[in-house]
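User: Please take a close look at the place where the ligand sits. Which parts of the protein surround it, and what touches it?

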Amino acid sequence: MTVQEIKNRFRIIGNSPQLDRAIDIARQVAATDLSVLITGESGTGKEVFPQIIHQSSARKHNHYIAVNCGAIPEGTIDSELFGHEKGSFTGAHDTRKGYFEVADEGTIFLDEVGELPLSTQVRLLRVLETGEYIRVGSSKVLKTNVRIIAATNVNMLQLMEKGRFREDLYYRLNTVPLVIPPLRERKEDIPLLFRRFSSDFADKYHMPPIKLTRDAEQMLITYYWKGNIRQLKNVTEQISVIEKNREIDAKTMAPYLPDNSISTLPALFRPSGADGNVPNELSEKELLYKVLFELRKDMIDMKSIVYGLLEKGESASPISAGNTRILHKLDNDLHKAETTMQIHPTTHVEEVHENVLKDNGISQTLDEKEREIIRKTVEKHQGNKKAAAKELGISERTLFRKIKDE
Ligand SMILES: Nc1ncnc2c1ncn2[C@@H]1O[C@H](COP(=O)(O)OP(=O)(O)OP(=O)(O)O)[C@@H](O)[C@H]1O
Ligand SMILES: [Mg+2]
């Protein structure tokens with residue numbers, strides 16, 4: 001397949017030289033069995049590359065397994081990857097094949113590879129070097145022939161410095177580095193991506209596609225895009241759904257692009273600048289954003305707890321439908337507060353904080369609320385934290401951290 005054929009087949013938009021180069025490397029390396037490490041910021045489009053490599057390789061008729069290393073609890077990851085013997089731990093009622101056994105002659109994609117626990121890294125290194133592995137609870141050495149592709153959006157060099165990632169494994173994985181550039185470094189692709197997304201969402205929501213005025217397009221091109229293509233896609237979807245007037249100008253666009261004023265300001269105008277007034281105003285604004293950001297993170301955590309419970313149909317859960325409505329409204333108000341602060345940068349933190357909570361009839365802070373939910377759930381399970389974490393839909397690791405914070 002040529003680079004263009006790959007773009008068509010995998011629906012990849014963009015013509016920047018950096019993107020073409022990444023696709024070309026993927027295409028060439030596919031014919032070999034070399035390990036590939038894909039790096040790039042969150043949302044840059046890493047996920048399609050292992051598929052390109054697998055589909056262009058001689059292994060394409062065998063298994064392709066994608067594993068999100070960050071989503072599997074530390075206690076079960078070895079068993080998921082390498083399998084286990086019957087009775088090797090509580091709950092291991094049967095012998096189970098791991099991905100490395102199932103994907104023999106195929107490809108395994110280890111996404112978020114930086115999240116692998118150190119003990120698993122040792123096992124992985126062995127497979128990479130010799131093709132050998134051992135099921136959990138067994139001593140028999142098994143063999144497999146798997147091609148490994150890994151991806152990460154974290155700085156691996158920093159992880160190694162902190163002792164959280166083995167250097168030998170890093171070099172073994174990184175035989176062929178594939179670097180996916182951030183969107184801000186391939187600005188020429190922004191209008192193309194926007195047009196594709198706006199046309200996709202027009203189809204999805206049965207509305208005419210949104211179009212940009214010249215200033216709005218310029219605004220998109222110069223924006224920082226911390227969340228890269230994923231963020232551009234989300235913004236396009238939000239505007240497509242919300243704005244009645246389908247021609248979007250810069251003024252309409254601005255509230256959809258948060259933080260823009262800070263992250264894209266030239267260094268000269270940042271808080272450390274020489275001018276007395278502007279820097280002060282900006283530091284406060286930055287602080288406000290930080291608080292809002294924390295609040296929003298809490299909201300997301302709480303929402304995942306609530307939805308986790310609702311999905312399981314837990315009527316006896318500590319969350320009532322009323323509380324869910326409050327969460328929705330709170331989320332909305334937070335969004336509004338963020339927009340307000342872009343317009344009035346000197347609004348006070350406490351004021352925003354208190355008003356949002358007061359308007360929603362909540363006297364507790366979100367932190368307190370979340371702890372209360374967790375405490376009640378742990379009580380309900382007579383102190384069994386594993387069961388409580390399961391019910392709340394969060395990992396045991398997160399639960400322990402949250403309890404420890406108290
Ligand atoms: N070149 C592209 N053309 C069209 N859509 C793209 C392109 N690159 C990425 N996307 C879309 O952007 C979104 C984010 O991409 P993806 O999930 O691959 O990000 P990622 O690099 O894996 O991020 P993370 O590190 O957060 O997992 C997806 O919806 C994907 O389909
Ligand atoms: Mg990803």
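Analyst: What follows describes the shell around ligand 1. This is a predicted model, in which local features need pLDDT of at least 70, side-chain atom pairs count only at pLDDT 80 or more, and totals for chains, interfaces and linings use all residues. Residues are numbered from 1 along each chain as its sequence is written, chains are lettered from A and ligands numbered from 1 in the order in which they are written, and side-chain values use heavy atoms, with hydrogens and water left out.

Ligand 1 is surrounded by 15 residues (a residue is near if one of its heavy atoms lies within 4 Å). Ile-13, Ser-42, Gly-43, Lys-46 and Asn-153 are the closest. By type, the shell holds five nonpolar residues (Ala, Val, Leu, Ile, Met, Phe, Trp, Tyr, Cys and Pro), five charged ones (Asp, Glu, Lys and Arg) and five polar ones (the others, Gly among them).

Some residues make polar contacts, here pairs of N or O atoms within 3.5 Å. The side chain of Lys-46 has an N or O atom 2.7 Å from an oxygen atom of ligand 1. For a polar side-chain atom of Asn-153, the distance to a ligand oxygen is 2.9 Å. Thr-44 uses a backbone N or O atom, 3.3 Å from an oxygen atom of ligand 1. On its own, ligand 1 has 630 Å² of accessible area (Shrake-Rupley method, 1.4 Å probe), and the protein covers 80% of that.

Helix H9 (189-205) and helix H11 (228-242) are the elements that give two or more residues to the shell (helices are DSSP runs of H or I, at least four residues, numbered from the N terminus). H11 gives the largest share, three residues. Ligand 1 lies between domain 1 (3-181) and domain 2 (187-272), because both give residues to its shell; the domain bounds come from an automatic or database assignment.

Technical notes
Polar contact = N/O pair within 3.5 Å; in protein donor to acceptor, adjacent residues only side chain to side chain.
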